[in-house]
Amino acid sequence: ADTLASNSVTSAKIANSAVTYAKTSGVSGLVPLATVNVTSNTSAVMFAESNVTNAFTDFKTYMIMMDGVRCVSDNEDFEMRCRTGTNGSSLDANSRYHSTTTGVGGNPVAAEFGAMNRFRLNYNNVGNETESVSGNTYYKEEWQCMIYLHGFEAYKRLRFHGHQTYMSSDGVDRGQYINGFHNSYDRVTGLELQFTNQNNISQGRFTMYGVA
């Protein structure tokens, strides 16, 4: 209610958390919500109320970017599972996940994974080969993926679609379009991302965005 002097509101004086999504009406784009940086062995990465504000109610569509993801062991698949309940307290391990992959680099170029207990996000197993070059680690096999997700609300099916690029354990460069749905009407309150049987993620950056 007070009068501000001219030029008194500078960027340096505005707190980083002061401008929220609710105050940016009409602005569209990706709104960063949470980032998990894995730098040492981690069994799984989870997005839920504990690290995503108002998960998952503020947006109709969410996006997850996974960059430079590597497994401790070779020849692994990457998976995603849904959680329900307060703060994603309950893991849905029932056989109601359906996903497909379509791409290039080996046969078959299309595959369907139905009635599984998790989403399978790649077709060919992911490799983890490195090489020492001039005293530096050359990461030859990493997994990169971007997916959009819809339908977190109750009485809807969570669906996702996206694409990925990686090198499989046989040294072949691969890329696939992926999509799928969760055959449940429960509200989804968390997502769990991991390699097969929670074999440790050794490194990677996982970022969730709201799509405004």
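**Salt bridges, sheet and contacts**

Reader: What N to O distance is found where the side chains of Glu-131 and Lys-140 meet in a salt bridge?

Author: A salt bridge is a side-chain nitrogen of Lys or Arg within 4 Å of a carboxyl oxygen of Asp or Glu. This is a predicted model, in which local features need pLDDT of at least 70 and side-chain atom pairs count only at pLDDT 80 or more, while totals for chains, interfaces and linings use all residues. Residues are numbered from 1 along each chain as its sequence is written, and side-chain values use heavy atoms, with hydrogens and water left out. For the salt bridge of Glu-131 with Lys-140, the N to O distance is 3.2 Å.

Reader: Is Glu-131 buried or partly exposed?

Author: Buried means under 20% relative accessible area, exposed over 50%, and partly exposed in between (1.4 Å probe, protein chains only). Lys-140, with 30%, is partly exposed. Glu-131 has a relative accessible area of 36%, so it counts as partly exposed.

Reader: How many residues apart in sequence are the parts tied together by Glu-153 and Lys-60?

Author: The side chains of Glu-153 and Lys-60 form a salt bridge at 3.0 Å, N to O. Glu-153 is in the loop between strand E11 (143-150) and strand E12 (159-167), and Lys-60 is in the loop between strand E2 (45-48) and strand E3 (61-71), so the parts they tie together are separated in sequence by 93 residues.

Reader: Which strand holds Glu-192?

Author: Glu-192 and Arg-83 meet through their side chains in a salt bridge of 2.6 Å, N to O. Arg-83 lies in strand E4 (residues 78-84), and the pair ties together parts 109 residues apart in sequence, because Glu-192 lies in strand E14 (residues 190-195). Helices (H or I, at least four residues) and strands (E, at least two) are DSSP runs, numbered from the N terminus. Both Arg-83 and Glu-192 are buried, and the strand that holds Glu-192 is E14.

Reader: Which residue is linked with Arg-83 and Glu-192 in a network of salt bridges?

Author: The structure has nine salt bridges. Linked with Arg-83 and Glu-192 in a network is Arg-81.

Reader: What is the average twist from one strand to the next in the open sheet of eight strands?

Author: The strands pair antiparallel in the order E1-E15-E3-E11-E12-E13-E6-E7, where pairing takes at least two DSSP bridges between two strands. Strand E1 (30-38) and strand E7 (110-116) are the edges, each pairing on one side only. Axes are lines fitted to C-alpha atoms, for helices over the stretch in contact, and angles run from 0 to 180 degrees between N-to-C directions. From one strand to the next, the twist averages 15°.

Reader: How far apart in space are Phe-181 and Phe-206, C-alpha to C-alpha?

Author: Phe-181 is in strand E13. Leaving aside neighbours within four places in sequence, its contacts (heavy atoms within 4.5 Å) include Tyr-97, Phe-119 and Leu-158. Phe-206 is 25 residues from Phe-181 in sequence, and the C-alpha to C-alpha distance is 21 Å.
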